Amino acid sequence: MEALWIVVALLAAGGIGSPVTMLVLRLARSVDTAERRRAELPEPADQPQFDLPDPPAEPPRAPVDSLPPGVLRGGLVIGVLERLAVTVAILGGQPVAIAYIVAVKALGRYAELKESPAASERFIIGTLASMLWAAGVATIIKVYLL
């Protein structure tokens with residue numbers, strides 16, 4: 001029966017963790033967007049308004065390899081592996097291994113994170129959301145079901 005609960009924990013942490021992490025990242029982006037909108041002052045009505053030219057009908061196409069700023073390549077797969085490793089570490093009674101997981105992930109992404117503040121922010125938010133989800137699932141399974 002313990003093996004079944006371990007499999008359930010791994011499936012819940014690894015599989016359901018991706019939508020949870022994406023939701024947290026979307027919420028963070030919406031909060032950031034709302035703050036930027038509040039910071040922008042409306043234009044006074046008495047100042048002259050300038051008509052801007054219409055944008056081109058079709059925007060220039062970006063290369064297939066390019067990703068939006070702040071999006072790191074391979075994040076989905078790395079996130080699933082990270083959640084599985086955190087879950088195994090907690091269920092195996094080795095929570096110290098989580099420090100190794102974080103260190104390996106950060107060192108692997110160091111060059112990309114150094115170049116882009118947006119990517120750094122998404123990395124931190126995504127990592128924390130992902131690891132908290134995995135730790136929560138593993139802890140609930142370990143405390144209540146194993």
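This is a predicted model: local features need pLDDT of at least 70, side-chain atom pairs count only at pLDDT 80 or more; totals for chains, interfaces and linings use all residues.

User: Which pattern does the protein follow along the sequence?

Analyst: Helices here are DSSP runs of H or I with at least four residues, strands are runs of E with at least two, and both are numbered from the N terminus. The protein has four helices and zero strands. Read along the sequence, the pattern is α-α-α-α.

User: What share of the contacts with a separation of 6 or more comes from residues 24 or more positions apart?

Analyst: A contact means heavy atoms within 4.5 Å. Among contacts in the protein with a separation of 6 or more, the share from residues 24 or more positions apart is 81%.

User: At what angle do the axes of helix H1 and H4 cross?

Analyst: Axes are lines fitted to C-alpha atoms, for helices over the stretch in contact, and angles run from 0 to 180 degrees between N-to-C directions. Helix H1 covers residues 2-39, and its axis comes within 8 Å of that of H4. The contact includes Trp5, Ala9 and Ala13 of H1 and Trp133, Val137 and Ile141 of H4. The two axes cross at roughly 150°.

User: And is the crossing of H2 and H4 left-handed or right-handed?

Analyst: The axes of H2 and H4 come within 8 Å and cross at roughly 35°. Among the residues that meet are Glu82, Val86 and Leu91 in H2, with Thr127, Ala134 and Lys142 in H4. A crossing is left-handed if the near helix is turned anticlockwise from the far one by less than a right angle, and right-handed if clockwise. The crossing of H2 and H4 is right-handed.

User: Why does alanine 9 count as buried?

Analyst: Alanine 9 lies in helix H1, and leaving aside neighbours within four places in sequence, it is in contact with Thr87, Leu91, Val137 and Ile141. Buried means under 20% relative accessible area, exposed over 50%, and partly exposed in between, using a 1.4 Å probe and protein chains only. Alanine 9 counts as buried because its relative accessibility is 0%.

User: Which residue forms a salt bridge with lysine 105?

Analyst: Side chains of opposite charge can pair when their charged atoms come close. A salt bridge here is a side-chain nitrogen of Lys or Arg within 4 Å of a carboxyl oxygen of Asp or Glu. Lysine 105 lies in helix H3, residues 97-115, and its side chain has an N to O distance of 2.4 Å to that of its partner, glutamate 82.

User: How many residues apart are lysine 105 and glutamate 82?

Analyst: Lysine 105 is buried, and so is glutamate 82; the relative accessible area of lysine 105 is 18%. The salt bridge between lysine 105 and glutamate 82 has an N to O distance of 2.4 Å. This pair links distant parts of the chain, helix H3 and helix H2 (residues 75-91), and the separation is 23 residues.

User: Why are glutamate 112 and arginine 109 separated by about one helical turn?

Analyst: Glutamate 112 forms a salt bridge with arginine 109, with the closest N and O atoms 3.0 Å apart. Glutamate 112 is partly exposed at 32% relative accessibility, whereas arginine 109 is buried at 7%. They are separated by about one helical turn because, in helix H3, their spacing is three residues.

User: Which residues form a nonpolar patch on the surface?

Analyst: Patch members have over 30% relative accessible area and no salt bridge; like charges are joined within 9 Å, and nonpolar side chains (Val, Leu, Ile, Met, Phe, Trp, Tyr) within 5 Å. Accessible areas come from the Shrake-Rupley method with a 1.4 Å probe, and for residues only the protein chains shown count as cover. Valine 143 is exposed at 54%, while leucine 145 is partly exposed at 36%. With about 440 Å² of accessible area together, the patch is formed by Ile140, Val143, Tyr144 and Leu145.

Notes:
Residues are numbered from 1 along each chain as its sequence is written. Side-chain values use heavy atoms; hydrogens and water are left out.
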